[in-house]
Amino acid sequence: SFNVEGTNGNEKLTYPVGLITADEAMMAGGINGSANTLYYLYAGIAYWTMTPSHLDNWFTIRIIEVTGNGRIDRDGSSTSRDVRPVINLDPDKITFTGNGTMQDPYVIS
């Protein structure tokens, strides 16, 4: 019962959250059709992105997913998957410290 505008009798979200897109998963290191366990979005479980793929011959909506072995693939919308939320930060309202390495990771404040 929540949305961004706060219309139709619903409450407005203060901090909207979405799902990751297939583009974001690929930019992070996901490979279409190939397993990859060496990028930070690899979770060892399959999860949906918000990116649609196509409508198949059985009229099932196919959605892009990240599979349990880190591969970018597509699966039917009737299949149960986890989700991975994404929170967008306003760069004008945050500061970063650190250099992004394992020894000195980014810290957002």
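Reading along the sequence, this protein follows the pattern β-β-β-α-β-β-β-β-β-β-β-β. That gives 1 helix and 11 strands, where helices (H or I, at least four residues) and strands (E, at least two) are DSSP runs numbered from the N terminus.

Some housekeeping. The model is predicted, so local features need pLDDT of at least 70 and side-chain atom pairs count only at pLDDT 80 or more, while totals for chains, interfaces and linings use all residues. Residues are numbered from 1 along each chain as its sequence is written, and side-chain values use heavy atoms, with hydrogens and water left out.

Now the overall numbers. Of the 109 residues in the protein, 22% are buried; buried means under 20% relative accessible area, exposed means over 50%, and partly exposed is in between, with a 1.4 Å probe and protein chains only. Of the contacts (heavy atoms within 4.5 Å) with a separation of 6 or more, 41% are between residues 24 or more positions apart.

I will start with Asn-36. This residue is in the loop between β4 (31-32) and β5 (47-55). Is Asn-36 buried or exposed? Asn-36 counts as buried, because its relative accessibility is 15%. Its side chain reaches the backbone nitrogen of Leu-38 at 2.9 Å. A polar contact is a pair of N or O atoms within 3.5 Å; within protein, one must be able to donate a hydrogen and the other to accept it, and residues adjacent in sequence count only if both atoms are side-chain atoms. Leaving out residues up to four places away in sequence, Asn-36 touches Gly-29, Ile-31, Tyr-42, Asn-69, Gly-70 and Arg-71.

Next, Arg-74, in strand β7 (residues 71-76). At 48% relative accessibility, Arg-74 is partly exposed. Apart from neighbours within four places in sequence, Arg-74 is in contact with Ser-53, His-54, Ile-63, Ile-64 and Glu-65. Between Arg-74 and Ile-61, which are 13 residues apart along the chain, the C-alpha atoms are separated by 9.8 Å.

Ile-64 comes up again with Asp-23. Those two are 41 residues apart in sequence and 10.0 Å apart in space, C-alpha to C-alpha. Asp-23 belongs to helix α1 and is exposed, at 54% relative accessible area.

On to the rings. How many aromatic pairs are there? The count is 1, under a rule that pairs rings of Phe, Tyr and Trp (its six-membered ring) if their centres lie within 6.5 Å, with planes under 30 degrees apart called stacked, over 60 edge-to-face and the rest tilted. Phe-96 and Tyr-106 form an edge-to-face pair, because their ring centres are 6.2 Å apart and their planes are at 75°. Phe-96 lies in strand β10 (residues 96-97) and Tyr-106 in the loop between β10 and β11 (107-108), so the pair ties together parts 10 residues apart in sequence.

The charged end of Arg-81 is over the ring of Trp-48, 5.9 Å from its centre. For Arg-84 the ring is that of Tyr-47, at 5.2 Å.

Arg-84 also takes part in the last item. Together with Ile-20, Glu-24, Met-27, Ala-28, Tyr-40, Leu-41, Pro-85 and Val-86, Arg-84 lines the largest pocket. Which elements give two or more residues to that lining? They are α1 (22-27) and β9 (85-86).

Notes:
A charge sits over a ring if NZ of Lys or CZ of Arg is within 6 Å of the ring centre and within 35 degrees of the ring normal. On a 1 Å grid over the protein atoms alone, a cavity is a set of points where a 1.4 Å probe fits but cannot get out, and a pocket is an open set with protein on both sides within 12 Å along at least five of seven lines; lining residues have an atom within 4 Å of a point.
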